[in-house]
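Colleague: I am new to this model. Could we go through a few of its features?

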Amino acid sequence: MGDSKEAGTEAPPAGTAARGGLSLLSQGESEEPSAQVIRIKSSPGFPVDDNRQGSALFLGGNEVKSRAVVKYSSAPPRTAFARLQEKTDLKLPPANWLRESAKLGPAGTTILGNSRKSKPFSSFGMAYDFIDSVGNDVDVVSDSENIKKLLKIPYSKSHVSMAVHRIGRTLLLDELDIQELFMRSSQTGDWTWLKEFYQRLIDQKWQRKKKSKEHWYQKAILSKFLYYSINGDGAAQPVPSAAEQQESSSADQTNDSDGASWPAPFEMPSSVSEDPSASSQGLKNDFARNILWTFEDIHMLVGSNMPIFGGGRYPAVSLRLRDNNKPINVLTGIDYWLDNLICNVPELVMCFHVNGIVQKYEMIKTEEIPNLENSNFSTKVIKDIAQNILSFLKSNCTKEGHTYWLFKASGSDIVKLYDLTTLCEETEDKYQNPFTMPVAILLYKVACNMMMKKNQNKKHYGTVRTLLLNCVKLLDKSRHPQIIASANYMLSELFQLDEPKKEESSESPLNENSDESYSEEEEEMPDSDENGSYSTCSDPSDDNKAVAIIKSVGELSVPEKYKSIHQIRPSCAFPVCHDTEERCRLVLSYVLEGLKSVDSSIKKESDLPAADPNTPIPLKYEDESTRGGPEGLEKQMALFLDKMGSLQKGNYSSQSGMIPGSWQHKMKLQLILKSSKAYYVLSDAAMSLQKYGRALRYIKLALQSHDTYCCLCTNMLSEVLLFLSQYLTLCGDIQLMLAQNANNRAAHLEEFNYQTKEDQEILHSLHRESSCQGFAWATDLSTDLEGQLSVSCKCYEAANEILQFSDLKSQNPEQYIQVLKRMGNIRNEIGVFYMNQAAALQSERVVSKTVSTAEQQLWKKSFSCFEKGIHNFESIDDATNAALLLCNTGRLMRICAQAHCGAGDESKREFSPEEGLYYNKAVDYYLKALRSLGTRDTHPAVWDSVNWELSTTYFTMATLQQDYAPLSRKAQEQIEKEVSEAMMKSLKYCDVDLVSARQPLCQYRAATIHHRLASMYHSCLRNQVGDEHLRKQHRLLADLHYSKAVKLFQLLKDAPCELLRVQLERVAFAEFQMTSQNSNIGKLKTLSGALDIMVRTKHAFQLIRKELVEEFDQSKSEETPPAADSSSLSREEVIKLLGIFESRLSFLLLQSIKLLSSTKKKTSSNLEEDVLLKTNKQIYSQLLRATANKNASLLERIDILVRSLDQLARGGGGDGGALQ
């Protein structure tokens, strides 16, 4: 085939490399003939009038739309034909006959229309070259001779025998020369099954038909005429002798026979387009030009060898030789017309001769050919024939990869379609069909081509999958492992594993593909035509082996006789995977098939062939030099594996004996990597379903796959290392979840140990290359909580270390941040684990006062983990999590402080310096946490939590100093000062106004702090002598804090006892003040204030009463006595406080009665005082009687008190709020 290229309207633009160089056409060729509507092949350097492209051509009075674009041409630039003089004897050979010429180009006689037959695989040659068009854009790929033969079926009595193959939406048509086929069968034994079938059903007395002498005479005349037309000098050479003629004739016969040679059934063209033997097998595209021809709505890729002449007044003409004694018939007219349409030639030059002597020339326009005398035909009918035949074939050639045989016997009107693949499968060796291999290769190539465009158009996924499945179905696994392995790998690539969540959504692009891409093909495929014109007929006279039958060729001329969709409806809907596991399982099934193919092809060393002396042996240093940048990755990886304890002897080598760089090596690497990705996605899906045992099993398989990949790979890619980092990260997540869900350990263990047969087979294939133990430490299902947490941490650390390789950290910042977050989190988990263990040891310690070494070791471990975790979070500016870890560190310091408190005699215990040290450290960490957060807006919940813990720490420290005052080391005043400061700081970080779930706790804490401070100042006042200013200050502070404590306790519904206790302390404080007063008026005023406080305790008693009633009703409904738990303890406290209250109220009333009585004696009578005295006496009397009644219940006593307080309030026992 020549190397020149002519660009058509849809050919690659100028400068694009495709099958040889581009050759510019002559200037004459850039002009379009005025009569031509269809674009002729255009030079890249010349503009073409685009307005003409869509024009219609009126031929024979009927409108026929035709458009042709030359996609490829090996023909030399056109030369003008030489008009021969009259009386030129064409029987005499010209001087240049059968010699190569620069004008003719390297293709020689083929270009000039020598009757060399098209080969049985000619359409495949074109399909390989124009793979983009196959399967989608083009309806038919074929030799122009086959197209013409089909369109002439209703007019011709000659036989038709063609092989039909479906690839996607495209049909490939090839001549099936039965005579040549059976000649081969008698020599080689192939095709015997078809020969027997043919003889049995079609032609029982088959024998080879020899071509007549007339046939060879006409061939010779035509060849000489064309050479004369090129030469133009009219010179002739003597006619060859009879012997030479005979020799020439026999040579022609030989060539004709060789031209249709068939490949051996089992030969696999490893690369069809490059293989030099492909031409001898008929798989090479050896047409002079390939044309994309659109005839009406039918798109065809056609190969043509018709000679085209041009130049001068005739830019493009076809040249024909006719015997003047034989008029042109319809068949010849259709032949000429179709040739000109296909090749975009506007005119036909016809040379007439009589017995080889030139008579005259005649010029005929293409559109006039249908109206020639004796050759009149309707172009509309030809269009109908074309549409009917295409519909018939597309409706019945439905199985991709099958070889169909379209056959019409000579002189018959019946056209039959057989499925040769089905017939062949009934024989002993189903691979006897020589079309099997070319079809499989083409299916594979079309799928590959579509896969290259998969990101642009995912609608082709269903088609690609069907192409590949059919390709695999056609091939023998033992003979073609490479293609099968590659096809299975591509099948696995169709499923997007890197987007699991997106794929699962209802709007999944994969789930849309099959429905949308074939929406125009949803018409129901008819089982037969409405008139029953083609079907598998039950009539015994018909052939029941035929897939479909056209009973009469005349039906093809009837418009739309065969209604069918022009697009083949493919059975290639992409499988809708409803969940991630189903999708991954499909991927793994393809991976397994691919691995089996690779493994079956790997031979033992003893079976390997001897080295080829012409093939250089690749040396190791060449590998090193070609690696370039990433070579350091292997060293880093080796050091990393060694550090992890994973590096084994003999690593980075295949145990099965695969040769690095071989197709097996490359394919197995890809398949193993795909399996590791699939197992990773499965593990991730199981993790989200909380199936942690299953998730660990899958991630173990993913890591085993990756370990094998590392053993085989000689050039580590950073992308693959990133996968490993992701796998280890997920493994760390799973181990952490297993640690946190120890209750279901048995179920997780069962899931972990379960394994499918598919997984076992994949693992077996992995074990052929590696021991797969590289990451065994990461996937052990430990029963020890500490072990699981440490394995999880080690996984994250390993993932982080991998990200340090080759700048992966900066290339994948999100992954790096996720790993560091997980490292910080797991270190927090481990820190908390050790901290809780230390707390447990502390609680068990009863006798010993000293801190054990075990406790101290646990503190150190916990502190180290928290410190590292804080560093992790701070390095990625995660202030919130850093604050949480600082908070946990503060808690650890508090546990350390608690461990140092004395465990001896409580009465002698003092707040130790060690306690103070650790509490202050805790405070520092909490303050650091707040500084880390900055403001509450950063994370309100964490901010509030840290504030609460800080408040608690200050409160605990102050309480311990107050309850266990270190008087042996510090003065009372200093202790009081420190307690006061700590309590005020605790109040500062206890926000009582913030509405939240913690608000009641804050209010209770604040109330307790005020109560304690008031009690402290009260105590100071009692014990202090001397400094009156200081006493006054303490009195004011005590009064202030008591007042605030009461206000806060009154806001709480569940602290009546505390409120009562504070009020009683206030009364005691008033009594203390009264002792220092000398005047009765002052005492009376103080007493009045104290009684007013008593009246205000009514709210507390009402709350206590309500709680007691609810408790009583509940126990009554349950018909069980109240349990002696916290409620009984509360009851005891109430009884105790009630007794104190009754005695203090009685005392105050008695003192009030005495003072009022003595005042009455000394001064004149006052009505108000009289009423008050009377009321107080009455209440005092009632109270004495009530306290004397020992049989009264708690509720009755409370009711009497509440009534007394009401009476006291009405009688004006208090002055309306002297003290609050």
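Modeller: A cavity is a set of points on a 1 Å grid over the protein atoms alone where a 1.4 Å probe fits but cannot get out, and lining residues have an atom within 4 Å of a point. Grid points are joined across faces, edges and corners, and a volume is the space filled by probe spheres set on the points. This is a predicted model, where local features need pLDDT of at least 70, side-chain atom pairs count only at pLDDT 80 or more, and totals for chains, interfaces and linings use all residues. Residues are numbered from 1 along each chain as its sequence is written, and side-chain values use heavy atoms, leaving out hydrogens and water.

Colleague: How much space lies in the second largest cavity?

Modeller: By this rule there are 11 cavities of 30 Å³ or more. The space in the second largest cavity is about 120 Å³.

Colleague: Which element gives the most to the lining of the second largest cavity?

Modeller: Helices (H or I, at least four residues) and strands (E, at least two) are DSSP runs, numbered from the N terminus. Helix 2 (144-151), strand 8 (298-304) and helix 8 (379-396) each give two or more residues to this lining. With 4 residues, the most is given by helix 8.

Colleague: Is Gln690 buried or exposed?

Modeller: Gln690 lies in the loop between helix 18 (663-688) and helix 19 (692-712). Buried means under 20% relative accessible area, exposed over 50%, and partly exposed in between (1.4 Å probe, protein chains only). At 53% relative accessibility, Gln690 counts as exposed.

Technical notes
1 Å grid on protein atoms, 1.4 Å probe; cavity = no way out; pocket = protein on both sides within 12 Å on 5 of 7 lines; lining within 4 Å.
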